[in-house]
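Thanks for coming. I will take one structure and go through a helix pair, then some charged pairs.

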Amino acid sequence: MNILEVGHVTKRFHKKTVIHDISFSAEEGKILGFIGPNGAGKTTTLKLITNILIPDSGSIHIAGFDILKEREKALANVAGVIENPALYLELSGYDNLRFIQKMYRKSNNDMERIVETIGLGHAMRQKTGRYSLGMKQRLGLGMALLADPKFLILDEPTNGLDASGIIELRELIRKKADEGVTVLLSSHILSEVDKIADDVVFIKEGRIVDKSAIPPAKKKYIIKAGNAKRIQEQIASIGNVDAALLNNVVIEICMGQEEFAKVMQLVCQSENQVQDIQQEGTQLEHIYQDIFQEDA
């Protein structure tokens, strides 16, 4: 079952069309990465889904409810953080969270569980106006989770988080998905999306990129070997593989997953004197480069 259905949605501001007839869906209990450069239309799309903005045409359904015709029923299933968390800066973290607790009639145990999850400790008693960006992100996520949504929307959730915070967030998102929550994750940190998303949607200049138009992903490997030139000659006949000598002992190889085993079998022969093999980037990063490289 799809918790989200976006069908042929278009949005204009004045005479400029910023979202062009987009359609995509998010499956229940899955994490959907929403990827695109700045200005591609990610945040506008999220605002359309949450009814902050109204589409000029098309339809949006959440848990089967039409966002325009059945707004309250649709939004009852949604929580999230878009752009910056909406906080009362003169109130403490606890008081901001209590506002959500009362709104959704959650128990004190529910609230304390969320407080422990977001890990802000004594800072929960401070005014949120004093919080760093990362602390605000944690509190905003806690407020969204306290609502216990079926559909969780996160727009750049790792902003301001340190490495340990990013790891904790990744584990938390995965846990919520395993519990049946659908997550729509918009982020520019492709390596994080690659690690956690079950599927991805690319948006470019307000248009969803047709997946059939996405070229097969290649992975890039940097190999240090005594006979780098020999390696290049050996794999020259293998299709869908690009090999470039960076110097006498370092070779860069780009290849698809299907070619990996055959190439590595040749590369790792003892005569090639391989000293080191490192993978550069992630599969998602290479797909992103292929789609958006003309905009760079």
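Contact here means heavy atoms within 4.5 Å, and helices are DSSP runs of H or I with at least four residues, strands runs of E with at least two, numbered from the N terminus. This is a predicted model, where local features need pLDDT of at least 70, side-chain atom pairs count only at pLDDT 80 or more, and totals for chains, interfaces and linings use all residues. Residues are numbered from 1 along each chain as its sequence is written, and side-chain values use heavy atoms, with hydrogens and water left out.

Now the helices. Y94, L97, R98 and Q101 in α3 meet N108, M111, E112, I114 and V115 in α4. Of the residues in this contact, five are nonpolar, two polar and two charged (Asp, Glu, Lys and Arg count as charged; Ala, Val, Leu, Ile, Met, Phe, Trp, Tyr, Cys and Pro as nonpolar; the others, Gly among them, as polar).

Next, salt bridges: a side-chain nitrogen of Lys or Arg within 4 Å of a carboxyl oxygen of Asp or Glu. By this rule there are 11. One of them joins E90 and K127, at 3.4 Å from N to O. E90 sits in the loop between β6 and α3, K127 in the loop between α4 and α5, 37 residues apart. E90 is exposed at 59% relative accessibility, while K127, at 38%, is partly exposed (buried is under 20% relative accessible area, exposed over 50%, partly exposed in between, with a 1.4 Å probe and protein chains only).

Another salt bridge pairs R113 with D110, at 3.7 Å from N to O. Because R113 and D110 are three residues apart in helix α4, about one helical turn separates them.
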